[in-house]
Amino acid sequence: MKALIRLILPLLLAFTMLGCTSLGNQPVYNEGGYAVTGYDVVAYFTENKAVKGSAEFQAEYQGSQWLFASKEHLAKFEQSPERYAPQYGGYCAYAMSSGFVVSSDPLAFTVFDDKLYLNYSLSVRENWLENRDQFIEEADGYWLKKTSQ
């Protein structure tokens, strides 16, 4: 029972603080007008850290503006945007595993199996990592349903 509470509590807090949203016309989570809150998605793969992008290096993809820290990262993204774009449009991977669409924190990231996953917060990320494979499988199913509606 304690383990279940430990898994659900951060998610419940996230929903209480933010509430759920719907995808509507935004298949990519945007905050401040930029995908992934303006962080460079290529840097997650090349530097294994969250790096703020610059308006000097930007691209449009899936109806959103994406920022990058360098010309090289922009070029990599433009060559293969689907490789670098986060799973579930950058919405919280843990929430998506329960069928909810919730914002994410660009600092709460995981690169696993050459894919980028974001979570609502660092504490939610820790819970997500405890059963990552199952949560990914569940989130994949919900994301497919949400994006095919």
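1. How many helices and strands does the protein have? The model, which is a predicted one, has 7 helices and 6 strands, where helices (H or I, at least four residues) and strands (E, at least two) are DSSP runs numbered from the N terminus. Along the sequence these elements follow the pattern α-β-β-α-β-β-α-α-α-β-β-α-α.

2. On the basis of the values: residues are numbered from 1 along each chain as its sequence is written, and side-chain values use heavy atoms, with hydrogens and water left out. Since this is a predicted model, local features need pLDDT of at least 70 and side-chain atom pairs count only at pLDDT 80 or more, while totals for chains, interfaces and linings use all residues.

3. Of the 149 residues in the protein, 47% are buried; here buried means under 20% relative accessible area, exposed over 50%, and partly exposed in between (1.4 Å probe, protein chains only). Among contacts between residues at least 6 apart in sequence, 59% join residues at least 24 apart, a contact being heavy atoms within 4.5 Å.

4. The axes of helix α6 (residues 122–130) and helix α7 (residues 132–147) come within 5 Å and cross at roughly 95°; the axes are lines fitted to C-alpha atoms, for helices over the stretch in contact, and angles run from 0 to 180 degrees between N-to-C directions. The two helices α6 and α7 are therefore roughly perpendicular to each other, given that angles under 35 degrees count as roughly parallel, over 145 as roughly antiparallel, 65 to 115 as roughly perpendicular and the rest as oblique. From α6 the contact is made by N127, W128, L129 and E130, and from α7 by R132, F135 and I136. By class, this contact of α6 with α7 has 4 nonpolar, 1 polar and 2 charged residues, with Ala, Val, Leu, Ile, Met, Phe, Trp, Tyr, Cys and Pro counted as nonpolar, Asp, Glu, Lys and Arg as charged, and the others, Gly among them, as polar.

5. The count of aromatic pairs comes to 12, under the rule that rings of Phe, Tyr and Trp (its six-membered ring) pair if their centres lie within 6.5 Å, with planes under 30 degrees apart counted as stacked, over 60 as edge-to-face and the rest as tilted. F45 and Y84 form an edge-to-face pair, at 5.3 Å centre to centre and with 85° between the planes. F45 lies in helix α2 (residues 41–46) and Y84 in helix α4 (residues 81–84), so this pair ties together parts that are 39 residues apart in sequence. F45 is buried at a relative accessible area of 18%, and Y84 is buried at 7%. Ring pairs also link Y29, Y88, Y91, Y117, W128 and W143 into a cluster.

6. Two arginines deserve a look. R83 lies over the face of F45, at 5.1 Å from the ring centre, and the charged end of R132 sits over the ring of F112, 3.5 Å from its centre; the criterion is NZ of Lys or CZ of Arg within 6 Å of the ring centre and within 35 degrees of the ring normal.

7. On backbone geometry, N48 has a positive phi of about 55° although it is not a glycine; N48 lies in the loop between α2 and β3 (54–61) and is exposed, with a relative accessible area of 55%. D114, likewise not a glycine, has a positive phi of about 60°; D114 is found in the loop between β5 (105–112) and β6 (115–119), and at 43% relative accessibility counts as partly exposed.

8. E137, in helix α7, is exposed, with a relative accessible area of 63%. The C-alpha atoms of E137 and S97 are separated by 7.6 Å, although these residues are 40 residues apart along the chain.
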